[in-house]
Amino acid sequence: MLEQTRSFLRRNRSNLAMGFGLAGAGYLAVQYVGTKLSEARNRMMVDRVARENIHRRFQQNQEDCTFTVQALLPTATENIIKELPVELLTQELQRKKAARIAKSVAQSTDAGSDASASIIPTSTYPAEDDTQSVKSFASESFSAAKESEDKPRKTKIQLWEEIKISSLTRSFTLLYTLSLLTLLTRVQLNLLGRKNYLSSVLSLAESDNEPTIRLESHEDKSNCSNIVDLETNRQYLMFSWWLLHRGWRSLMTKVECATKEVFGPLTPRDTISLGKFRELAMEVRKLVETSNQPKDGTAQGSTWLPYLLPPRDQESEVLAESGTSSTEISPVPSFGLRRLLDESSDLIDSPIASNVLTHMFTVGYDLLIDENLATLVFRSQAESVEETSHENSRFKEVDDTSTAKFASVLAALARQAHVIGNGSPNEYLKTMENDTQLEGLSALVYSSNFEFATRLGEEDKSRH
């Protein structure tokens with residue numbers, strides 16, 4: 001039996017060796033393929049988790065942007081409303097009207113008392129007492145008005161002209177300020193969000209202890225303290241101070257000049273159609289948004305950057321005014337801050353950002369004119385006319401031919417300024433965020449230039 005087995009093995013040793021070789025090779029091949037499939041599956045899972053983390057963090061960043069804009073906007077709104085006090089001008093106009101009425105009452109009371117003195121018996125004391133009270137009240141009102149008029153006062157025509165220009169300028173300036181503040185906040189927070197993400201990537205590459213990319217939290221600064229400079233981030237965010245306290249004023253001056261040029265011939269007593277008002281508003285936009293374009297038309301000018309960020313020679317002033325610099329911290333921008341400011345300037349000056357801003361302006365003006373003013377002023381006027389004529393009970397559709405008193409339009413604009421600047425929730429901000437390419441620009445800022453930023457992060461680490 002053993003001899004037969006040995007003989008069989010000798011005769012078939014080549015076939016057996018080939019069979020065992022093929023079996024071993026097949027086993028190794030199966031193991032290799034299984035290992036590669038497992039690695040590919042793990043890589044796909046890691047990539048999916050990383051993408052989900054990036055998406056989650058990106059969405060959180062956009063929500064933070066919205067809350068930040070809502071927190072900062074009232075500061076600019078307060079400054080703009082204080083500079084263009086339409087309500088105070090309206091009160092002064094009403095006081096002037098009240099003073100004129102008081103003067104008229106006083107004069108008519110004097111004339112009436114003189115005429116009745118000869119025909120009213122001396123025994124009618126109560127009537128004389130009432131007449132004297134009215135006369136005294138009117139005289140006191142007239143005296144108070146006369147004392148206030150001793151000071152330099154504006155005429156009725158001047159007050160109406162200021163109310164007209166201030167109402168238009170205030171609403172338009174707030175629309176531009178809201179759009180610019182939204183863009184600046186998106187650029188700032190997404191640049192910092194990208195910086196934090198890269199810090200996590202570099203930290204993971206150094207430790208290699210975790211299979212997935214973990215986004216660091218605000219409290220987790222371990223192993224990343226040399227990359228994530230919280231003081232630099234804080235100083236960088238404080239540069240929104242420029243728009244809130246300086247940039248809006250320059251912008252308001254430009255809008256005011258354009259408004260005077262376009263709406264100057266109109267008076268509050270005029271009747272204006274919705275289409276005509278939109279046409280005039282678009283003319284203001286044209287003057288404001290193209291005033292900084294180069295005359296040769298070869299390249300796009302830096303239209304909005306001067307309102308959003310200060311020139312280099314005033315950056316230290318911004319740091320000092322915003323309270324981020326102290327005796328221990330130099331007011332001169334650091335290397336990291338300088339890089340963030342330069343990249344922000346490049347992004348704001350880019351054609352993509354300009355297109356997004358233009359779209360935001362368009363959406364804001366459309367909401368103001370075609371929805372709010374059309375509903376609050378032109379539709380109300382159309383309904384009043386329709387009810388007076390008793391033609392039918394249906395609401396008349398508002399179109400470009402619908403008309404209203406220009407004074408009513410100004411009153412609605414004065415109210416809309418508070419909605420734009422202090423609305424909660426802010427419908428203008430919501431519309432600009434949802435109906436424009438703003439989120440696309442934010443995604444571009446958040447995800448762009450990773451390789452370059454990673455290299456700079458490594459250079460920063462080598463500096464420490």
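These are my notebook entries on a predicted model.

**Ground rules.** I number residues from 1 along each chain as its sequence is written, and I use heavy atoms for side-chain values, leaving out hydrogens and water. Because the model is predicted, local features need pLDDT of at least 70 and side-chain atom pairs pLDDT 80 or more, while totals for chains, interfaces and linings use all residues.

**Entry 1: a pocket.** I looked up the second largest pocket and noted a volume of about 380 Å³. A pocket here is an open set of points on a 1 Å grid over the protein atoms alone, where a 1.4 Å probe fits, with protein on both sides within 12 Å along at least five of seven lines. Its lining holds 17 residues, each with an atom within 4 Å of a point. Thr90, Leu93, Gln94, Trp160 and Ile163 lie nearest the centre. Helices H3 (86-116), H5 (156-207) and H13 (406-422) each give two or more residues to this lining. H3 gives the most, with 8. Helices are DSSP runs (H or I, at least four residues), numbered from the N terminus. I sorted the lining into 8 nonpolar, 3 polar and 6 charged residues.

**Entry 2: cores.** The largest nonpolar core has 78 residues. Such a core is a set of buried Ala, Val, Leu, Ile, Met, Phe, Trp, Tyr and Cys residues joined through side-chain atoms within 4.5 Å. Phe263 and Phe277 have the most contacts inside the largest core. A second, separate core of 6 residues includes Leu93 and Ile163.

**Entry 3: tyrosine 176.** This residue lies in helix H5. Is tyrosine 176 buried or exposed? It counts as buried because its relative accessibility is 0%; the cut-off is under 20% relative accessible area with a 1.4 Å probe, protein chains only. Beyond neighbours within four places in sequence, its contacts (heavy atoms within 4.5 Å) include Arg285, Trp304 and Tyr365. Its side chain makes a polar contact with that of tyrosine 365 at 3.5 Å. That term means a pair of N or O atoms within 3.5 Å, one able to donate a hydrogen and the other to accept it. Glycine 364 is 188 residues away in sequence, yet 8.6 Å away in space, C-alpha to C-alpha.

**Entry 4: threonine 232.** I found threonine 232 in helix H6 (residues 230-237). Threonine 232 counts as buried, at 4% relative accessibility.

**Entry 5: a cis bond.** The peptide bond from serine 424 to proline 425 is cis, with omega near 0 degrees. Most peptide bonds are trans. Proline 425 sits in the loop between H13 and helix H14 (427-434).

Terms used: Points joined across faces, edges and corners; volume = space filled by probe spheres on them. Nonpolar A, V, L, I, M, F, W, Y, C, P; charged D, E, K, R; others polar. Buried < 20%, exposed > 50% of the residue type's maximum accessible area, 1.4 Å probe, protein only.
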